[in-house]
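Please look through the sequence and the structure below before reading on. The report then takes up a strand with its partners and a pair of helices.

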Amino acid sequence: MNVNEVSVNGSANGVSCESGTKSAGKRSNGLCNPVKDNSSYGSYEMVEEIATYLLERTRIRPRCGIICGSGLGCLADQLTDVDSFDYDAIPHFPVSTVAGHRGRLVFGRLGGVPVVCMQGRFHYYEGYSLAKCSMPVRVMRLVGCTHLIATNAAGAINSRFRVGDIMLIRDHVNLMGFAGNCPLLGPNDDRFGPRFLGMAKAYEPALLAVAKGAARQMPGMDDLLHEGVYCCVGGPNFETVAEGRLMALLGVDAIGMSTVHEIITARHCGMTCFAFSLITNMCTMSYDEEEEHCHETFVDVGRQLEGRICELVARVVASIGESCSETPLAK
């Protein structure tokens, strides 16, 4: 297997830690700290082992990887010819601990296009390093995916947005990267991608155009669709009023706790990316407002719009399928 074309200590559910006396890099919850974890977990050989394990158990050879955000697991339920794998059954794979994230990898076809869906992602606030959160993206690449679609639930900074709107991500602000936290920390393996990479066009303009064109053909969808800038924060706490106002000054339209590190990892290994946010709440931008944040409510918003969201993704995937039809399958 080649990407553009790194051994692992013992692990449990994808959490690599040495046994024995607690070291300075070991947290009390049994997870290694992010910097140490980046250099010891996710080697090319380990990711290749996971990819081989999966490919030996499914006939699907996916072209597109899809990451389902909170309340958006319905996307995987639309697949046909399905082969599914619970995360805890996949060697070296982390386990999702968040409600609304089912925790399985689903291979199948969406509108005839072979895809693989993550029904549940991993977050920094769960105690995983950013490298571990985004490691499944590299698995997607090694099983053959050339494209990545990432979805998420997000809070709106932009006052023009409303709960239930969909924001196509045009660009992002990597706030965690400003603090020196990046999924690419540590030694670089050129088999995944280059040491340094540009991110000026992280989100494919052609796929943004496809999504906007599809929305115009879907009754009522054009009114819900926006384009904007996404920012990832570490969580699990929501932003303060001052932090929300700072994000607005930076040109951010919506805030979430995922996606950015997955896109960085995907671009590092040469994947074409498309992403969107489902607006599940309005960020608290004034001290006079009542703060109302409930994860269960965010999940419910996704369920209410699942039909439209699934159709939008299906149309984008169909476009990807057409663009890949004459391209040899990556191995």
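What follows describes the strand pairings and then the helix contact.

This is a predicted model, in which local features need pLDDT of at least 70, side-chain atom pairs count only at pLDDT 80 or more, and totals for chains, interfaces and linings use all residues. Residues are numbered from 1 along each chain as its sequence is written, and side-chain values use heavy atoms, with hydrogens and water left out.

Helices (H or I, at least four residues) and strands (E, at least two) are DSSP runs numbered from the N terminus. Strand E7, residues 147-156, is mostly covered, since nine of its 10 residues are buried, where buried means under 20% relative accessible area with a 1.4 Å probe and protein chains only. The table gives its pairings, and two strands pair if DSSP finds at least two bridges between them.

| Partner of E7 | Sense | Bridges |
|---|---|---|
| E3 (residues 64-68) | parallel | four bridges |
| E11 (residues 272-282) | parallel | 10 bridges |
| E10 (residues 254-256) | antiparallel | two bridges |

The axes of helix H4 (residues 130-142) and helix H8 (residues 260-268), which are lines fitted to C-alpha atoms over the stretch in contact, with angles from 0 to 180 degrees between N-to-C directions, come within 9 Å and cross at roughly 50°. The contact, meaning heavy atoms within 4.5 Å, is made by Leu130, Cys133, Ser134, Val137 and Arg138 of H4 and by His261, Glu262, Thr265, Ala266 and His268 of H8.

Notes: Buried < 20%, exposed > 50% of the residue type's maximum accessible area, 1.4 Å probe, protein only.
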